[in-house]
Amino acid sequence: MLTTTEIDNELTKNRELETATFGMGCFWGPEARFGSLQGVIRTRVGYTGGTTATPTYKTMEDHTETVEIDYDPTNISYEEILLHFWRNHYPNRDQYRGQQYVSSLRYHNQQQKQIIDLVKGEMEKELGEPIETEITPVSHFTLAEDRHQKYYLKRYPNVLEKLHSLYPSEESLIHSTFAARLNGFVKGFGTRDQIVTEIIDWPLHENARQQLIEKFMRLKW
Ligand code: MHO
């Protein structure tokens, strides 16, 4: 039987992943959007930036809804991620209902900060106005509740049941590249063909690859 280990561990083996952390309004949509991008290996949602120690959806206080992705910089650059980020939401404060939804970038190192400064300048020209995205070093990322993780995929309980043998725990679902792609697919990002083409390139054993493609093609949405 196909197992999570065969897929998701193979996909991360010998790869140096980097992390990007950002907020662009309600975190459900951007998790799906970024989950559909090749080079993005894992996605999760949570809360950052506030002053309270244990934010939850109901007690978010001054924290912001945040998406975090682990990506392979040899497949997708931080610059490309920033282009997807700024081109897919309006980053100025008057559009937001408070700190919960504010446009934010939490950088992990000085290299990311430098790329932010460069791309921000280009994007301001494209937008024709100054960008008010909150730009701060990442401090703590608090993982959001299970029901917010891969929210759109969770709208399909029948599919989740079919995936259960592959992803028996919430943690394994959060770590899964395949589940990130499915979450994007059901929200309208990417096509069946793109996902199959990508799986054909994944460094899986032939047997695991065939099983995964068959499983995917049998899913009813
Ligand atoms: N759909 C909700 C946002 C949920 S999101 C996790 C709303 O627009 O109020 O904040």
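A polar side-chain atom of Tyr 101 sits 2.8 Å from an oxygen atom of the ligand. The protein covers 68% of the 320 Å² of accessible area that the ligand has on its own. Keep in mind that this is a predicted model.

**Around the ligand**

- Who's in the neighbourhood? The ligand is surrounded by Cys 26, Phe 27, Trp 28, Tyr 57, Glu 65, Arg 97, Gln 100 and Tyr 101.
- That shell splits into five nonpolar residues, one polar and two charged.
- Glu 65 has a side-chain N or O atom 2.6 Å from an oxygen atom of the ligand.
- For Tyr 57, the distance from a side-chain N or O atom to a ligand oxygen is 3.1 Å.

**The chain as a whole**

- The protein chain has nine helices and six strands.
- Its radius of gyration is 18 Å, close to the 17 Å that the globule rule gives for 221 residues, so the chain is as compact as a globular protein of that length.
- Along the principal axes, the C-alpha atoms fill a box of roughly 50 × 35 × 30 Å.
- Out of the 221 residues, 48% count as buried.

**The sheet**

- Six strands make up an open sheet, and reading across it gives the order β5-β4-β1-β3-β2-β6, with mixed pairing.
- At the edges stand β5 (134-137) and β6 (142-143); each has a single partner strand, so one side of each has no neighbour in the sheet.
- Further in, β1 (residues 18-24) pairs with β4 (residues 103-107) in the antiparallel sense, over four bridges.
- If you want a spot to look at in that pairing, Phe 22 stands opposite Leu 105 in β4.

**Helix α7**

- Why is α7 (residues 177-186) described as largely enclosed by the rest of the structure? Nine of its ten residues are buried, so the helix has the rest of the structure largely around it.
- The buried ones are Thr 177, Phe 178, Ala 179, Ala 180, Arg 181, Leu 182, Asn 183, Gly 184 and Phe 185.
- Where α7 starts, a side-chain oxygen of Ser 176 comes within 3.2 Å of the backbone nitrogen of Phe 178.
- After α7 comes Gly 188, with a positive phi near 100°.

Notes: Residues are numbered from 1 along each chain as its sequence is written. This is a predicted model: local features need pLDDT of at least 70, side-chain atom pairs count only at pLDDT 80 or more; totals for chains, interfaces and linings use all residues. Side-chain values use heavy atoms; hydrogens and water are left out. A residue is near a molecule or strand if one of its heavy atoms lies within 4 Å of it. A polar contact is a pair of N or O atoms within 3.5 Å; within protein, one must be able to donate a hydrogen and the other to accept it, and residues adjacent in sequence count only if both atoms are side-chain atoms. Accessible areas come from the Shrake-Rupley method with a 1.4 Å probe; for residues, only the protein chains shown count as cover. Ala, Val, Leu, Ile, Met, Phe, Trp, Tyr, Cys and Pro count as nonpolar, Asp, Glu, Lys and Arg as charged, and the others, Gly among them, as polar. Buried means under 20% relative accessible area, exposed over 50%, partly exposed in between (1.4 Å probe, protein chains only). Helices (H or I, at least four residues) and strands (E, at least two) are DSSP runs, numbered from the N terminus. Two strands pair if DSSP finds at least two bridges between them. The radius of gyration is taken over C-alpha atoms; the globule rule is 2.2 Å times the number of residues to the power 0.38.
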